[in-house]
Amino acid sequence: HLPVMSALMQLSEGKALEAWQYEAAAKNADAFVERSSLGYVVWRNEVITPELRAFAISVFRLTKVMEADGYELYAPR
């Protein structure tokens, strides 16, 4: 029932997503951004997995704002 949160939690645990999970999250991403008033996303590069990073950039259509001291700051389009 919360496909975006489920996908984020699963990827945060280092688990892969099934294709249907990715598709459900992508389909609901715009509503998630609006409901949560998502303005920015920040992560520490040494901690985030490549899969979680790619997922977030893709489904939230993130644009990099800046990078400093091992952190990256993004904004949804």
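This is a predicted model: local features need pLDDT of at least 70, side-chain atom pairs count only at pLDDT 80 or more; totals for chains, interfaces and linings use all residues.
Helices and strands are DSSP runs, numbered from the N terminus. With those labels, I48 sits in the loop between β1 (41-44) and α3. Is I48 buried or exposed? With a relative accessible area of 17%, I48 is buried, because the cut-off for that word is under 20%. I48 also shows how a chain can fold back on itself: S12 is 36 residues away from I48 in sequence, yet the two C-alpha atoms are 7.8 Å apart in space.

Next come the helices. Two packed helices are described by the angle between their axes and the distance between the axes. Helix α1 covers residues 3-12, and helix α2 covers residues 19-36. The axes of α1 and α2 come within 7 Å of each other and cross at roughly 120°. As for handedness, α1 passes α2 in a left-handed crossing.

The crossing of α1 and α3 is left-handed.

Y22 is found in helix α2, and its relative accessible area of 30% makes Y22 partly exposed. Y22 and S6 are 16 residues apart along the chain, and their C-alpha atoms are separated by 10.0 Å.

Which residues form a nonpolar patch on the surface? They are L2, M5 and M9, and together they have about 280 Å² of accessible area. Of these, M5 has its place in helix α1. M5 has 35% relative accessibility, so this residue counts as partly exposed.

Charged side chains come next. How many salt bridges does a search of the whole structure find? The search finds six. One of them joins the side chains of E13 and K15, with 3.1 Å from N to O. E13 has a relative accessibility of 51% and so counts as exposed, because the cut-off for that word is over 50%. K15, at 46%, counts as partly exposed.

Another salt bridge brings together the side chains of R53 and E72, at 3.0 Å from N to O. What about how open the two partners are? R53 has 28% relative accessibility and counts as partly exposed, whereas E72 is buried, with a relative accessible area of 4%.

E72 has a further partner. K64 forms a salt bridge with E72, and the closest N and O atoms of that pair are 3.2 Å apart. K64 counts as partly exposed, at 39% relative accessibility. Salt bridges that share partners join R53, K64, E67 and E72 into one network.

S37 lies in the loop between α2 and β1, and its 62% relative accessibility makes it count as exposed. D69 is not a glycine either, and has a positive phi of about 50°. Where is D69 found? D69 is in the loop between β2 (62-68) and β3. At 76% relative accessibility, D69 counts as exposed.

Conventions: Residues are numbered from 1 along each chain as its sequence is written. Side-chain values use heavy atoms; hydrogens and water are left out. Patches are made of residues with over 30% relative accessible area and no salt bridge: like charges are joined within 9 Å, nonpolar side chains (Val, Leu, Ile, Met, Phe, Trp, Tyr) within 5 Å. Accessible areas come from the Shrake-Rupley method with a 1.4 Å probe; for residues, only the protein chains shown count as cover. A salt bridge is a side-chain nitrogen of Lys or Arg within 4 Å of a carboxyl oxygen of Asp or Glu. Helices (H or I, at least four residues) and strands (E, at least two) are DSSP runs, numbered from the N terminus. Buried means under 20% relative accessible area, exposed over 50%, partly exposed in between (1.4 Å probe, protein chains only). Axes are lines fitted to C-alpha atoms, for helices over the stretch in contact, and angles run from 0 to 180 degrees between N-to-C directions. A crossing is left-handed if the near helix is turned anticlockwise from the far one by less than a right angle, and right-handed if clockwise.
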